[in-house]
Amino acid sequence: MRLYTALLLRFALVVLGVTTLSRVFLGFQYLERLQAAQGWGYVLLQGLRFDLVLLGLLLIIPGVLLPWLLLSRRTADLGWRLTQLYLLAMVLVIGFLEFATPSFVEEYDTRPNYLFVEYLRYPKEVLATLWGAYPAQLLASAILLPALGFVLWKRVLR
């Protein structure tokens, strides 16, 4: 049980770290807008509130399954691996969204929303458009996300 608690706590800290760093980066990128929106304190506090809601939603699945996973040694081992993979996948999805946010804001003047998911129905067109407009960001994501996943798997989510 302590291992699961420690794993979930490390996951929460990683998610909060990634989202906070992204928010700070965006704050500096759009400093004029940030100051017009009640400044750093308000933005960081509201961001933390949204991040905690996100964490709660992401931790529902492991939280509900945890009692069932600890019923026997075999299910506990399987549950441990599945929990690790789930948490890793969620961090990578969040990392991808945070990497994509600056470009999305430049294009649509808002953070990723339903349009981000809606356009995934047309992967060829979207990829061609993105590659034409944002090749550096795509290459950076293609390098940084697997690197982030490797580091998390080896150092944090074990």
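Let's start with charge: the 14 positive and 9 negative charges of this protein have mean positions 18 Å apart. For that count, Lys and Arg are positive, Asp and Glu are negative, and His and the chain ends are left out. Each charge is placed at NZ of Lys, CZ of Arg, CG of Asp or CD of Glu.

Before I go on, a word on what you're looking at. This is a predicted model, so local features need pLDDT of at least 70 and side-chain atom pairs count only at pLDDT 80 or more, while totals for chains, interfaces and linings use all residues. Residues are numbered from 1 along each chain as its sequence is written, and side-chain values use heavy atoms, with hydrogens and water left out.

Okay, the overall picture. The protein has 7 helices and 0 strands, and along the sequence the pattern reads α-α-α-α-α-α-α. Helices here are DSSP runs of H or I with at least four residues, strands are E runs of at least two, and both are numbered from the N terminus. The C-alpha trace spans about 55 × 40 × 25 Å along its principal axes.

Of the 158 residues, 32% are buried. Buried means under 20% relative accessible area, exposed means over 50%, and partly exposed is in between, with a 1.4 Å probe and protein chains only. The accessible surface comes to about 10,600 Å², and 72% of that belongs to carbon and sulfur atoms. Those areas come from the Shrake-Rupley method with a 1.4 Å probe; for residues, only the protein chains shown count as cover.

Now back to charges, in pairs this time. Side chains of opposite charge can pair when their charged atoms come close. How many salt bridges does a search of the whole structure find? It finds 5, where a salt bridge is a side-chain nitrogen of Lys or Arg within 4 Å of a carboxyl oxygen of Asp or Glu.

One of them is Arg23 with Asp51, whose closest N and O atoms are 2.9 Å apart. This pair links distant parts of the chain: Arg23 sits in helix H1 (residues 2-29) and Asp51 in helix H3, 28 residues apart. Buried or exposed, these two, Arg23 and Asp51? Both Arg23 and Asp51 are buried; Arg23 counts as buried because its relative accessibility is 13%. Beyond its neighbours within four places in sequence, Arg23 is in contact with Val43, Leu44, Gly47, Leu48 and Asp51. By contact I mean heavy atoms within 4.5 Å.

Next pair: Arg111 and Glu98 form a salt bridge, again with the closest N and O atoms 2.9 Å apart. Arg111 is in the loop between helix H4 (73-108) and helix H5 (114-118), and Glu98 is in helix H4, so the pair ties together parts that are 13 residues apart in sequence. Arg111 is partly exposed at 33% relative accessible area, whereas Glu98, at 14%, is buried.

And then there's Arg121 with Glu118, where the N to O distance is 1.9 Å. Arg121 counts as exposed at 56% relative accessibility, and Glu118 counts as partly exposed at 33%.

Val53, Leu57, Ile60, Ile61, Val64, Leu65, Trp68 and Leu71 make a nonpolar surface patch of about 840 Å². The rule for patches: residues need over 30% relative accessible area and no salt bridge, with like charges joined within 9 Å and nonpolar side chains (Val, Leu, Ile, Met, Phe, Trp, Tyr) within 5 Å. Take Leu57, which is in helix H3 (residues 39-69). Why does Leu57 count as exposed? Because its relative accessible area is 55%.

For a contrast, here's Leu87, in helix H4. Leu87 is buried, with a relative accessible area of 0%. Not counting residues up to four places away in sequence, Leu87 touches Leu7, Leu8, Phe11, Leu59, Pro62 and Leu157. Pro62 is 25 residues away from Leu87 in sequence, and their C-alpha atoms are 8.9 Å apart.

Last stop, Arg158, in the segment after helix H7 (135-156). Arg158 is partly exposed, at 42% relative accessibility. Leaving out neighbours within four places in sequence, the contacts of Arg158 include Leu7, Arg10 and Trp80. And across the protein, among contacts between residues at least 6 apart in sequence, 71% join residues at least 24 apart.
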